[in-house]
Amino acid sequence: MKNDLSKLSDFAPTRRQLLGLGLVAAGAAAFNVVPGFELLASAQAAVPAAAQKIADHFSSVKSMSGEFVQFGPKGEQTGGKFFLERPGKIRFNYDGASNFKVISDGKSVVILNKKMNTSDLYPLSKTPLKLLLDDRIDLSGDRVKSVKEEDDLTTIQLSDKAVFGNARITMMFDPKTYDLRQWTITDAQGKDTTVMIFNTKEGVSFAPDTFAIDYTANRELNTKTR
């Protein structure tokens, strides 16, 4: 799969698109399953061994960095660099003058918009990002909603309604290398935001403050703006 970056711009992602990275609040809207997926009922079917093997391999990747392109619900595109460290830590630095950042420190996720001087904080445990960043991606129980195995792609769709409502995360892996290619977050209203990653490096080390959240600054900023 080739990534077409020719249309990438300095478009500033909206709050919904940033939420699409995984900060999805619980809601009551129904979700339409992607056609062609093999639906799995926990009491009726077992997760394919190949899918669990891929998930275990990705779980073994304890740190990763690279670039990303994000596609919003209306086809909007933006991009930047990302940094990941298990368990629970990720950082997205968006390109362009907007200077957006999304950071998870393992407990909370913050959306920083320096241009607008805003800082929105969410518990990681209430977002689909948690499933992506867990120490081990667990496909047991009823988290797995569908698995699709093809020659060039293995697609695994997860959800946890008790935690973040009707949101879903769909991860796509290379079945030969087990590399994660992209993921899609579907919010409670059925709107998709897809993040495609490339130029990735595994086993990287990060500065101690890479995933740091300034809780004091967040509290002070939000107190002033009330």
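Over residues 1-12 of this predicted model, the pLDDT stays under 50, and the stretch has 23 contacts beyond four places in sequence. Residues 14-20 likewise have a pLDDT below 50, with 24 contacts beyond near neighbours in sequence. The protein chain as a whole averages a pLDDT of 80, and 79% of its residues score at least 70. Among the secondary-structure elements, confidence is lowest in strand β1 (residues 38-39), with a mean of 36, and highest in strand β2 (residues 63-71), with a mean of 97.

Attention may now turn to the charged side chains. Side chains of opposite charge can pair when their charged atoms come close. The structure holds 8 salt bridges. In one of them, lysine 62 pairs with aspartate 135, their closest N and O atoms lying 3.1 Å apart. This pair joins distant parts of the chain, 73 residues apart: lysine 62 belongs to the loop between α2 (49-59) and β2, and aspartate 135 to the loop between α3 (129-133) and β8 (144-149). Lysine 62 is partly exposed, at a relative accessible area of 40%, and aspartate 135 is also partly exposed, at 44%.

A salt bridge also connects arginine 143 with aspartate 160, with 3.8 Å between the closest N and O atoms. Here arginine 143 sits in the loop between α3 and β8, while aspartate 160 sits in the loop between β9 (154-158) and α4 (161-164), 17 residues apart. Aspartate 160 has a relative accessibility of 18% and therefore counts as buried, the limit being under 20%. Both residues belong to a network of salt bridges that links Lys130, Asp134, Arg143 and Asp160.

Finally, arginine 181 and aspartate 174 form a salt bridge at 3.4 Å, N to O, and both residues are buried.

Note on methods:
Residues are numbered from 1 along each chain as its sequence is written. Side-chain values use heavy atoms; hydrogens and water are left out. pLDDT is the predictor's confidence in each residue, from 0 to 100. Helices (H or I, at least four residues) and strands (E, at least two) are DSSP runs, numbered from the N terminus. Contact means heavy atoms within 4.5 Å. A salt bridge is a side-chain nitrogen of Lys or Arg within 4 Å of a carboxyl oxygen of Asp or Glu. Buried means under 20% relative accessible area, exposed over 50%, partly exposed in between (1.4 Å probe, protein chains only).
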